[in-house]
Amino acid sequence: MSVKFWLIASAIFSAQQVILADEGSFSAATNALFRCGIRKRFGSQLIHHGRTAELGQWPWHVAMYHGEKYACGGSLIDQRHVLTSAHCVVRGKNRLNKSKNKNITIEVERIRIHLGQHSLDDLPEQVQVKNVSEIVVHPEFSTNRNDIALLVLSSVVQFSELVIPICLVGSRVAQGEDLIDRRGWVAGWGITETGNLSTELKTVQMPVVNNTVCVQDDPELFGKFVAPTMFCASDRNGTSVCQGDSGGGMYLLAGDRWELRGITSFAGAKDSKECDTQRFVVFSKVSSYFEWIKGLTGEAVKKEDIVPKRISELKCQEYSKIARKRNNGVCLNARSPHTVAIIDRNQRHISSGTIISEKFVLTRAPSLYDMYELRVDWDELRVRVGNQPDRRVLQEITNPNYDSRTLRHHVMLLELEAPLVFSSGLLPACLANEATANLYDTLLLNGYTGVSVEDGRIVAPNDFFESVDSKVMSNGKCNRTIQSPFRAYNEIHPEDLCTNFETESSFTWAGIVGGPLQTVNTRSCMFTQVGVTRLIYPPLDSVLQYTIVYSRVTAYLDWIEGVVWSNETRPEDTADSAPGEAPTQEEEEEEVEEGVGQTTTARPLSLGDFRPIPTGWE
């Protein structure tokens, strides 16, 4: 059976009458609360096969209409520009004016972009509809080659939980990366197994494959068109893209931010011209066109509309310049050396904490149990940074609103007697703000468990605990979960954050309080702390599901910045909204840094009075 190629062509679907978004109805400060690639909504966990997308799951995915008919997808890359497939905006059977050797685009007046849309049957108030002022097709576009176009919106988009741009990856950075076998996500309203367009946004995950495998699968189709500026992907398991999905993106997660790596272009079809979901899909590789895109978009935001970043974010950018990667792409600080153990003069483990600057560690404040039961020497605290000598604490600074009885505002800063010297092997954690906090992708919880002693013998050693299984739950659900007459603290407040996770076995958990809940950006090698662990509720039944309550970093950022950086000059803002790539360090330089960077091996704490804390205490 011969196989014909087909462009995932523009599909036709009736839509509601277009309502144009009101321009100038919001300030630049609104958009400043968002960063590319960071989602802001709860959602079900992602799965490997096709399903209906959650509302806000892909806030950069847009719907393109030709007049009143749905045509293609696209991806918002900033507040004025959308990337899509060129064949979605070029008209005519051959899509080429041979006499002038110039592509003929659809009339710009006919195109409407819907942002924040989930169902094609509805046009709720939160959907923004924008006109397009300019269509820029790649100058070398021809059938199945250089299939990319940039749309310039007529007015600025207002970012929201449902409308957020996605990050781009520079061509230099992408050259050193291998996407093969990495799984990306695509979304669209394309034709389903019923033969009709989907009325709700669908999403599916698929792996990138080597171009050689793609060509060998179908030399007649893919051999003619697949080039270094493209890549192929698919599980070939019956879940794929189809007509109407053109122009949509392939998204890959870079730790704490999503990146646009491909644009859906074409795939194979059956003799009946129906979608063949057992064949590969070809995507335009966005990084290959990065310079072209940047040359067109320029400054998408006027300088007068730029809202200054917080000093904590600027300090994070400054610290990130020290970060380095090994030749294999692994960050030298990959094992969280900023997570530290807090001990007293008698070597008793008190809690965990996070290095946030040269002189300050962020942790939780002491409770009544700490004060009167553990007999901690609070005048002689020390911070243990891996294998380095212990650092004496100059002073403890609790939040001014802290209540040791109710444990509200349960955060504390420890000022070190002598400043730390940072290197590529030891960097501080960044502090999340309203724009950079990502609660809906991978969350990393870690800390030192502390030595647990019973009858003079070690029951559990001082281990470095680490988990990426924590999932955020709403405060309302958290309140219902922790209610129990056996628990001393069972009320959640707005400044709190809750997660839960299941484990197949118990673990020594008490010592990790004070430690960070964080995200990590695999490009910049920087960790961002979103919460300070303050209460851990072990399971009350046979299901080993732990509920953990944190102090939300964003709720205390004003106070933290005022204490830590009040006397410092604001660093210059030289970074883009997306984190930069940490340079790779040469082998001989790595050996030098190894001596400094081995700060993550837990040195055993001396025996002391550390005892498991009763349920309901931290």
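View 1. A search of the whole structure finds three cavities of 30 Å³ or more, a cavity being a set of points, on a 1 Å grid over the protein atoms alone, where a 1.4 Å probe fits but cannot get out. Grid points are joined across faces, edges and corners, and a volume is the space filled by probe spheres set on the points. By this account the largest cavity has a volume of about 80 Å³. Its lining, made of residues that have an atom within 4 Å of a point, consists of E54, L55, G56, Q57, W58, P59, H61, G116, Q117, H118, L162 and L201. These lining residues divide into five nonpolar, six polar and one charged, where Ala, Val, Leu, Ile, Met, Phe, Trp, Tyr, Cys and Pro count as nonpolar, Asp, Glu, Lys and Arg as charged, and the others, Gly among them, as polar. This is a predicted model, in which local features need pLDDT of at least 70 and side-chain atom pairs count only at pLDDT 80 or more, while totals for chains, interfaces and linings use all residues. Residues are numbered from 1 along each chain as its sequence is written, and side-chain values use heavy atoms, with hydrogens and water left out.

**View 2. The loop residue V127.** V127 is found in the loop between strand 6 (111-115) and strand 7 (128-137), strands being DSSP runs of E with at least two residues and helices runs of H or I with at least four, numbered from the N terminus. V127 is buried, with a relative accessible area of 9%; buried means under 20% relative accessible area, exposed over 50%, and partly exposed in between (1.4 Å probe, protein chains only). Leaving aside neighbours within four places in sequence, V127 is in contact (heavy atoms within 4.5 Å) with H114, L115, G116 and Q117. The C-alpha atoms of V127 and L162, which are 35 residues apart along the chain, are separated by 8.2 Å, and L162 also belongs to the lining of the largest cavity.

**View 3. L413 in the largest nonpolar core.** A nonpolar core is a set of buried Ala, Val, Leu, Ile, Met, Phe, Trp, Tyr and Cys residues joined through side-chain atoms within 4.5 Å. The largest such core holds 51 residues, of which L413 and I560 touch the most other members. Apart from this core lies another, of 28 residues, among them L150, A187, Y289 and F290. Beyond neighbours within four places in sequence, the contacts of L413 include I356, F360, W559, I560 and V563.

View 4. In helix 5 (residues 290-297), F290, W292, I293 and T297 are buried. Seen down the helix axis, these buried residues fall within an arc of 165 degrees, so they line one face of helix 5; the arc is that of the directions from the helix axis to the C-beta atoms. The face turned away from the buried side carries the exposed residues E291 and G295. Just after helix 5, G298 takes a positive phi of about 55 degrees.

View 5. Most residues other than glycine have a negative phi. S336, however, has a positive phi near 55 degrees, and this serine lies in the loop between helix 6 (311-320) and strand 15 (339-343), where it counts as buried at 1% relative accessibility. C525 likewise has a positive phi, of about 70 degrees; C525 is found in the loop between strand 28 (516-520) and strand 29 (527-537), and is buried with a relative accessible area of 0%.

Key:
1 Å grid on protein atoms, 1.4 Å probe; cavity = no way out; pocket = protein on both sides within 12 Å on 5 of 7 lines; lining within 4 Å.
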